[in-house]
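Hi everyone, thanks for coming. Let me put the sequence and the structure up on the screen, and then I'll walk you through a few places in it.

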Amino acid sequence: MEKKETNLLDCYVLTPDLYGDDRGYFSPYYKEEELKELGFEGVAQANRSKSSKGVVRGLHFQEDPYCQAKIVEVINGAAIDVVVDLRKDSETYGKWTSVLLKPYNENDKESGKQLFVPRGFAHGFISLEDNTIFHYLVDNKYAPKSENGILWDDREIGIPWDKWFEEYGIDEPKLSEKDKVRKPLSKTLVKFRRNK
């Protein structure tokens with residue numbers, strides 16, 4: 001597995017090993033030992049979501065003790081995945097990164113990527129195509145009472161959603177009612193720390 005640093009501490013773009021020929025390919029996309037070194041505690045739950053073009057999900061997180069690290073990928077369609085570092089003692093606190101995720105295509109060397117999202121990060125994405133299937137492994141269970149989030153288009157964070165809407169022909173983002181009314185980071189109580 002290839003690991004590439006992002007501009008955020010402890011957050012990595014992963015490229016799983018892949019072995020193929022004219023019949024297709026085989027890829028061990030989850031290697032426990034390698035991922036444990038990154039801080040992934042093991043699979044507690046595996047999730048999928050299906051989204052139509054223009055759906056924005058996020059920016060979500062779970063509070064301690066149920067915070068989650070995630071390994072995310074797209075297995076159909078395409079999405080721009082976005083994360084924000086919420087760890088107060090991190091050098092990259094309040095900063096964001098994004099990665100274009102799409103299924104493996106032998107003619108596209110940028111395809112087949114995963115993103116490792118550490119604990120203490122808010123996570124979201126925008127679906128760029130109909131029938132986009134987003135797959136993610138998490139290392140802690142879903143706990144509804146610990147669910148939280150920050151406003152997806154918080155101007156202080158500065159994620160360029162409008163640029164992406166224009167680039168991919170999205171007239172109006174589709175959001176859940178809950179995500180429309182979340183508070184910006186500056187008004188959200190977060191207790192995450194990088195160094196515990």
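Let's start with Asp-10, which counts as partly exposed because its relative accessible area is 22%. By that I mean between the two limits: buried is under 20% relative accessible area and exposed is over 50%, with a 1.4 Å probe and protein chains only. Asp-10 is located in the loop between E1 and E2. Helices (H or I, at least four residues) and strands (E, at least two) are DSSP runs, numbered from the N terminus. The backbone of Asp-10 deserves a look too: its phi is near 75 degrees, a positive value in a residue other than glycine.

Before I go on, a word on the model: it is a predicted one, where local features need pLDDT of at least 70 and side-chain atom pairs count only at pLDDT 80 or more, while totals for chains, interfaces and linings use all residues. Residues are numbered from 1 along each chain as its sequence is written, and side-chain values use heavy atoms, leaving out hydrogens and water.

So, which residue forms a salt bridge with Asp-10? That's Arg-194, with the closest N and O atoms 2.6 Å apart. The pair links distant parts of the chain, 184 residues apart: Arg-194 sits in the segment after helix H3 (177–180), and Asp-10 in the loop between strand E1 (2–5) and strand E2 (12–15). For a salt bridge, the rule is a side-chain nitrogen of Lys or Arg within 4 Å of a carboxyl oxygen of Asp or Glu, and the count by this rule comes to 12. Arg-194 itself is partly exposed, at 33% relative accessibility.

Now over to Arg-87 and Asp-85, whose side chains meet in a salt bridge at 2.9 Å, N to O. Are these two buried or exposed? Arg-87 is buried at 3% relative accessibility, and Asp-85 is buried at 0%. Through salt bridges that share partners, Asp-10, Asp-85, Arg-87 and Arg-194 are joined into one network.

Setting aside neighbours within four places in sequence, Ser-90 is in contact (heavy atoms within 4.5 Å) with Leu-9, Asp-85 and Arg-194. Ser-90 lies in the loop between strand E8 (79–85) and strand E9 (96–101), and it counts as buried at 8% relative accessibility. A polar atom of the Ser-90 side chain is 3.1 Å from the backbone nitrogen of Thr-92.

For contrast, here is another salt bridge: Asp-21 and Arg-23, at 2.7 Å, N to O. Asp-21 is partly exposed at 37% relative accessibility, while Arg-23 is exposed, with a relative accessible area of 75%.

Back to the backbone for a moment. Where are the cis peptide bonds I'd like you to see? One joins Gly-58 and Leu-59, with omega about 5 degrees, and Leu-59 is part of strand E6 (residues 56–62). Another joins Asp-64 and Pro-65, again with omega about 5 degrees; Pro-65 is in the loop between E6 and strand E7 (70–76).

Last stop, Asn-131. Its phi is near 60 degrees, also a positive value in a residue other than glycine. You'll find Asn-131 in the loop between strand E11 (121–127) and strand E12 (132–138), partly exposed with a relative accessible area of 40%. Thanks, all!

Technical notes:
A polar contact is a pair of N or O atoms within 3.5 Å; within protein, one must be able to donate a hydrogen and the other to accept it, and residues adjacent in sequence count only if both atoms are side-chain atoms.
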